[in-house]
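This report looks at pairs of charged side chains and at the pairing of some strands. Please read it alongside the sequence and the structure shown here.

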Amino acid sequence: PSPMPHAFYIRAAKSNSGSDNTTKTEAGNDVVFRGEAKNFDIISMLGSNITLDGAKLAGKNINMDAVGTFTMNPVVSENSYTMTAAPTNTLTVKNTQIAGDEVELRGGKVDVADDVKFRFNADNHDADLTVAAVKSYFDDNQGSYKVATEQGNDVSFHGTVESGGNYRTDMGIGGATVNLDRAKFHTPNGELSANAVQSSEDKADGTWEDTATSANVVQADGLEIVGNRNDTEFWGGKVELKNTTIKTPGEVQVYAYKTFKEGSIDTKDMTAGADSVVQLTNTKILNEGSDPQAYSNVWVRGGKIEMNNSELASEDEIRLTASNSLHEVRAEGHIPKELKMEANAENTIRLSNTQLHANQASWQPSSEARYTPKNSISIYGGKVALMGVDIKAPRDVFVYALREANSEETDDGDKGEIKSDTSNVLDMRGATIEAGGVVEIWGGKTQMKASSVQAGK
């Protein structure tokens with residue numbers, strides 16, 4: 001038999017039932033830890049409330065659970081579990097250092113202070129960080145999970161995360177709301193997902209579905225990200241990024257929605273309302289130093305998009321889409337096969353004093369690349385306003401104010417249809433567009449003033 005792991009456990013609970021593998025807590029079952037624990041395979045703490053203050057933790061698997069109930073599900077799989085929590089089940093971490101391979105912080109509310117530091121060393125294995133504030137969480141440990149949140153399941157994450165090594169560091173931060181003010185992620189091979197949702201379900205077959213409302217907000221003021229060769233994702237009912245800088249060679253997604261579904265054949269369906277807003281203010285999302293084996297596009301999607309004094313750059317494609325429904329099918333290599341989009345005059349894109357630049361990577365062209373970069377910029381919305389905006393792309397630029405768009409890749413080429421009416425206004429004032437390929441400007445009503453457009457440059 002395998003040796004028992006070198007483990008360190010702290011439990012504060014009302015009851016622990018062996019018949020149903022459930023631990024229950026009540027108010028007052030608190031864990032407060034100010035010490036040091038290191039060189040353990042497992043460091044685990046569970047209570048109604050947990051506070052780490054001035055702690056130092058180092059181990060392979062570190063988990064903190066501030067819960068109402070925690071149930072192991074051995075019939076489902078060896079490490080399957082279900083947890084429930086209320087917003088009163090708080091996990092507070094301050095003035096603490098945590099180093100591990102897999103770190104999980106879960107509760108009804110999670111607060112990680114500015115002076116908290118996480119360190120991962122992914123030399124010969126992947127590393128993981130999970131931070132979750134939830135009402136309920138089920139994980140079968142076989143590729144599927146189900147999450148529900150309620151008002152008050154808030155994550156405030158202001159700490160610093162650093163990682164080294166050649167393997168991935170996967171970081172997931174989720175709750176009813178997520179606040180990343182002043183957080184720092186210095187993670188060269190990282191992947192970060194920040195999700196504010198009402199519910200989320202991921203199935204073993206690769207399909208999943210999220211729901212969110214405008215109360216499910218991902219927000220950050222002074223966020224700094226350097227690295228993330230894989231993906232950087234901000235998903236929620238609303239996304240607000242201010243005074244934020246992201247420098248990454250990988251893909252960036254900023255999505256605000258009501259529902260989002262993904263099928264097993266890379267089929268995506270998204271719905272959004274006028275209150276599903278993406279706001280970028282004094283923010284830079286700079287894709288640079290991309291890898292020919294990793295995607296490097298920058299996509300912003302929502303029911304409404306507002307950008308002021310901001311900058312987006314990509315060594316692949318920048319795409320902004322404001323719609324109330326979107327259906328997309330992509331083939332291998334991110335190649336689009338089918339797109340259906342519907343928008344109305346409330347689905348607005350408004351950019352002011354902002355730069356959008358698509359750049360050609362140093363490795364282009366390459367026969368060994370995973371995909372062919374588009375080097376293009378696309379803007380699609382029910383209404384589009386470009387005020388003092390600078391747009392440059394080595395290839396094509398598309399700016400559309402539309403009601404409906406349908407396109408499909410066939411053996412005979414791209415077939416599609418675009419519909420607009422007079423409510424689909426495209427307004428350009430003090431805008432500059434330069435494209436090495438074609439420029440397409442489309443609207444039910446188009447207005448241009450003090451603007452410059454150059455194609456084939």
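Aspartate 275 and lysine 258 are joined by a salt bridge in which the closest N and O atoms lie 3.4 Å apart. Because aspartate 275 sits in the loop between β32 (267-271) and β33 (277-281), while lysine 258 sits in the loop between β30 (251-256) and β31 (259-262), this pair ties together parts that are 17 residues apart in sequence. The model in which this contact is found is a predicted one.

## Other charged pairs

Which residue does arginine 106 meet in a salt bridge? The partner is glutamate 104, and the distance from N to O between the two side chains is 3.1 Å. Arginine 106 counts as buried because its relative accessibility is 3%, a value that falls under the 20% limit used for buried residues. Glutamate 104, at 17% relative accessibility, also counts as buried.

A further salt bridge links lysine 340 with glutamate 338, and here the closest N and O atoms are 4.0 Å apart. Lysine 340 has a relative accessibility of 42%, so this residue counts as partly exposed, and glutamate 338, with a relative accessible area of 25%, is partly exposed as well.

## A network and the overall count

Salt bridges can also be followed through a network, in which Arg301, Glu317, Arg319 and Glu328 are linked. By the rule applied to this predicted model, the count of salt bridges comes to 19.

## Strands that run parallel

Turning to the strands, β29 (residues 245-248) and β34 (residues 284-287) run parallel and are joined by four bridges. Strand β34 is also joined to strand β37 (residues 311-314), in this case by three bridges, and these two strands run parallel too.

Which residue of β34 is the bridge partner of isoleucine 246? That partner is isoleucine 285, and isoleucine 285 in turn stands opposite leucine 312 in β37.

Methods: Residues are numbered from 1 along each chain as its sequence is written. This is a predicted model: local features need pLDDT of at least 70, side-chain atom pairs count only at pLDDT 80 or more; totals for chains, interfaces and linings use all residues. Side-chain values use heavy atoms; hydrogens and water are left out. Buried means under 20% relative accessible area, exposed over 50%, partly exposed in between (1.4 Å probe, protein chains only). Two strands pair if DSSP finds at least two bridges between them.
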